[in-house]
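Hello,

Here is the structure I promised to pass on to you. Have a look at it first, and then read on for what turned up.

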Amino acid sequence: MLEEQHNRLKGIIFTYYRIWQCEFIPDFGWNAIKKIKRSIYPVNLTFGMFCVVWHFIVQMEDYGYDLALTIVYFFAIYQCFMVYFEIMVIHRKRIFGMLKFFDSWVKSTTPGISDIRRKYLLINIKLGIKWTKIFLIFITFVGVSVNSFHLYISKFTAPMLFTIPGLTESSFFYYPTNVIYGTVLYFSILLNIMIADAVVMITILYFRSEFYTLAEYITQLNDPAVARDKAASILKMTHETHKMALLKVKELTQAYWHLYFHKLFAIMIYLCCTLYIFQSLNSSLFIAVLIVGAMTSQIFILCFFGQVIENSSELLFHNFFAAKWYEMKLSDQKDYLMMMISIQKSVRIDTFGFGNISIYTFVQVRIGESTLPSNVHAFE
């Protein structure tokens, strides 16, 4: 059961990599074709960015809803570029190595701790699958709704509000090319951003399970008899396991702090633009609410799971602190004291400009958003 659920989550991540690096296209072992496959998505984003800028400079007539969504699309493509190079290129090997390391947790047979680990892994993997499904279903619904609305208001020509430069309305290819390219670009941007959030969420949940495992394992020292007789072996196992978890968490934070910065920066721009939409939108309040809901859900996912890993590491410290240390042998008490010093610092994800990523970060962004309408109104 655990192995099956674990493989399902890995399958989500591997599918993500295969699709966005076009690994489903056969390359016949030719390096030239491999390079072309890997360049398809960046080239697509580059052309999309050009179309958005061209629309802003040449095609734009409405400086309300159209302006706001054009800015949103520009920074969405920017976020996609950052996600692609951070997740797909720079940290691909690190993330794959981490998934391989998670395999060792799933297959662990270490006496005394493996059963606890399997219990929490199963809980958190199921949680990861559930959250990923809910998140992707909601975002897909928002994407289909917004895309359909844009097709409607553009008379079935511009799913992203722009038309391809150089393609005249009299051309036979005008409508099908604009609709197909705009729709494909729109959903490739949307799903790339959201599945990257799912990758962040999934990897954090694995570490949550490990910290919960150690937090329960250490509660054995609440029993005075166990503290007297078995403290040395329990402390040793806790130290070794915690040291390895911290090493992998450090790799995780090194991989994600750039990603968090680019994502949170882009989301702040999105929220400012959608507030402008609320001031100027005459066509559909429902669409504006959906857009704000999607952006809010993205920042909530990023901040909530930053809080999750911090809380789980703090739980380990609280349980460790509650142990019957005074029942231990003197040598074990010394080891216990040294471990308490190393465990007391909670694990956090930090990023430049936003500090510690937690639910407090989410609250700050929402409060900041609520204070903006009067300023936005002044620019109308």
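Predicted model: local features only at pLDDT ≥ 70, side-chain atom pairs only at ≥ 80, totals over all residues.

**Helix α1 against helix α6**

As for the geometry, helix α1 covers residues 2–20 and helix α6 covers residues 174–217. Their axes come within 11 Å and cross at roughly 145°, and α1 passes α6 in a left-handed crossing.

**Helix α3 against helix α9**

The next pair is helix α3 (residues 65–90) with helix α9 (residues 285–321), whose axes come within 13 Å and cross at roughly 25°. Angles under 35 degrees count as roughly parallel, and α3 and α9 are therefore roughly parallel to each other. The crossing of α3 past α9 is left-handed. On the α3 side the contact involves Tyr65, Leu69, Val72 and Gln79, and these meet Ile287, Ile291, Met295 and Gln298 in α9. The residues of this contact divide into 6 nonpolar, 2 polar and no charged.

**Aromatic residues**

How many aromatic pairs does a search of the whole structure find? The search gives 32. In one of these, Phe74 with Phe75, the ring centres are 5.3 Å apart and the planes stand at 80°, so the pair is edge-to-face. Are these two residues buried or exposed? Phe74 has a relative accessibility of 30% and so counts as partly exposed, whereas Phe75 is buried, because its relative accessible area is 18% and the cut-off for buried is under 20%. Both belong to one aromatic cluster, formed by Phe74, Phe75, Tyr78, Phe261 and Phe265.

**Trp131**

What does Trp131 contact, leaving aside its neighbours within four places in sequence? Its partners are Met201, Phe300, Ile301, Phe304 and Phe305. Met201 is 70 residues from Trp131 along the chain, yet the C-alpha atoms of the two are separated by 8.6 Å.

**Two residues in the loop between α5 and α6**

Finally, some backbone angles for you. Lys155 lies in the loop between α5 and α6, and its phi is near 60°, a positive value in a residue other than glycine. Leu161 is also found in the loop between α5 and α6; its phi is near 75°, again a positive value in a residue other than glycine.

Note on methods: Residues numbered from 1 in each chain as written. Heavy atoms only, no water. Axes fitted to C-alpha atoms, helices over the stretch in contact; angles between N-to-C directions. Helix = DSSP H or I, 4+ residues; strand = E, 2+ residues; numbered from the N terminus. Parallel < 35°, antiparallel > 145°, perpendicular 65-115°, else oblique. Left-handed = near helix turned anticlockwise from the far one by under 90°. Contact = heavy atoms within 4.5 Å. Nonpolar A, V, L, I, M, F, W, Y, C, P; charged D, E, K, R; others polar. Phe/Tyr/Trp six-rings, centres within 6.5 Å; stacked < 30°, edge-to-face > 60°. Buried < 20%, exposed > 50% of the residue type's maximum accessible area, 1.4 Å probe, protein only.
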